[in-house]
Amino acid sequence: DAGHVNGVGTEARFDTPKDLAVDTLDGVSIIVADMANNRLRIIGPDGTVSDLVGTGEQGLEPEVVSIAEAKISQPTGVAVDPNGIIYYVDSTAWEIRKVDRTAGTVSYVAGILEPFLDDPQRIALDANGRILAADRTGKVLRYDGEAGEILNDPSFLLNEPTGIAVHPLDGRIFIADVGFAPGIYVYDPSLEDPVVELFAGTGLPGSVDGPLLEAEFTRPCDIAILPNGDMYVTDDGLRRVRKISDGMVTAVAGDPTSDLALDSIIEFSFLRFPAGVAAWPAHGEVGES
């Protein structure tokens, strides 16, 4: 059941968890963007869930505020850099903020100055520490501090990008789009004139597994990439987690006929509406919210 309860394992309650990221401070704990609870939560190595940031109240914050006093408004995305700095999307304020646990502060990073965030969803960090944001208005943005740029032509190809990930081996940017041409798209910043291209899917909704450009997606919400390059996609329209590996798309978890949700990542386990997904390199696995 939905709610706000801290505790161990199944004792805990979340309300619309939209994204998750591995805490780089220990490589094991999971940080969750718990949207309807207006909080960032953390799941410790022993499965204990506790509040990390957010009072539970929504509100616009000053440029810098203490962690204890910070208000978060419907967080939709979260990422953690190698030093343990947490970045999150405050979707109601249309901005990206960062949590410095050493300094005990939450501060503004980007979004309310040009280029603007209009409907920010999930974020990722590239190898240079720059923030990449998927904006559901069709934009993919990159921020280096407050300075930012729109990487794509919002009028071309992308419609509702909601998930984003950086390939750990070559730096390509992968985008999950739930819009009228659902699929996984790719942008290679190393090219002289990079453009967004379809990587997996036909652009038509469906549930077919198979080769990259023959497989179908319905609502691919997010994407995570393991160190070996294997990709995992949450498809909430199919209530499945899909895997992309060796040029093939396969279902690895979920049963689209079920309304139940069980703690299981196996084929035909029951997922309600899987949203965010994160690589968990310490275990060679992924987690989904």
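Which residue is the bridge partner of I123 in strand 12? The partner is A133.

## The model

This is a predicted model, in which local features need pLDDT of at least 70, side-chain atom pairs count only at pLDDT 80 or more, and totals for chains, interfaces and linings use all residues. Residues are numbered from 1 along each chain as its sequence is written, and side-chain values use heavy atoms, with hydrogens and water left out.

Strands here are DSSP runs of E with at least two residues, numbered from the N terminus. Two of them pair if DSSP finds at least two bridges between them. Four strands make an open sheet in the order 11-12-13-14, with antiparallel pairing. Strand 11 (120–125) and strand 14 (147–150) are the edge strands, each pairing on one side only. From one strand to the next, the twist averages 25°. That angle is taken between axes fitted as lines to C-alpha atoms, in N-to-C directions, and can run from 0 to 180 degrees.

Strand 11 pairs with strand 12 (residues 131–135) in the antiparallel sense, over 4 bridges.

## Strand 5 and its partners

Strand 5 (residues 48–53) pairs with strand 1 (residues 7–8) in the antiparallel sense, over 2 bridges. Strand 5 also pairs with strand 4 (residues 39–43), again antiparallel, over 4 bridges. V49 of strand 5 stands opposite G7. V49 also stands opposite I43.

Strands 4 and 5 form a hairpin, with 4 residues between them. G47 sits in the turn and has a positive phi of about 90°.

## Salt bridges

A salt bridge is a side-chain nitrogen of Lys or Arg within 4 Å of a carboxyl oxygen of Asp or Glu. The whole structure has 15 of them. One joins D23 and R101, with the closest N and O atoms 2.8 Å apart. D23 lies in the loop between strand 2 (17–22) and strand 3 (30–34), and R101 in the loop between strand 9 (95–100) and strand 10 (105–110), so the pair ties together parts that are 78 residues apart in sequence. Burial is set by relative accessible area: buried means under 20%, exposed over 50%, and partly exposed in between (1.4 Å probe, protein chains only). D23 is buried at 3%, whereas R101 is partly exposed at 24%.

R136 and D119 form another salt bridge, with the closest N and O atoms 3.2 Å apart. R136 lies in the loop between strand 12 and strand 13 (139–144), and D119 in the loop between strand 10 and strand 11, so this pair ties together parts that are 17 residues apart in sequence. R136 is partly exposed at 31%. D119 is partly exposed at 24%. R142 and E149 also meet in a salt bridge, 2.7 Å from N to O. R142 is buried at 13%, and E149 is partly exposed at 37%. Elsewhere, salt bridges that share partners join D34, R39, R41 and D51 into one network.

## The second largest pocket

A pocket is an open set of points on a 1 Å grid over the protein atoms alone, with protein on both sides within 12 Å along at least five of seven lines; lining residues have an atom within 4 Å of a point. The second largest pocket holds about 1,000 Å³ of space. Its lining has 40 residues, and V80, A124, L125, V166 and I225 lie nearest the centre. Several strands give two or more residues to this lining, among them strand 2, strand 11 and strand 24 (277–280).

The lining divides into 26 nonpolar, 6 polar and 8 charged residues. Ala, Val, Leu, Ile, Met, Phe, Trp, Tyr, Cys and Pro count as nonpolar, Asp, Glu, Lys and Arg as charged, and the others, Gly among them, as polar.

## Backbone exceptions

Most residues other than glycine have a negative phi, and most peptide bonds are trans. The peptide bond from E114 to P115 is cis, with omega near -5°. P115 lies in the loop between strand 10 and strand 11.

R239 is not a glycine, but has a positive phi of about 55°. R239 sits in the loop between strand 21 (231–235) and strand 22 (240–245), and is buried at 15% relative accessibility. D246 has a positive phi near 50°. This residue lies in the loop between strand 22 and strand 23 (248–253), and D246 is exposed at 78%.

Technical notes
1 Å grid on protein atoms, 1.4 Å probe; cavity = no way out; pocket = protein on both sides within 12 Å on 5 of 7 lines; lining within 4 Å. Points joined across faces, edges and corners; volume = space filled by probe spheres on them.
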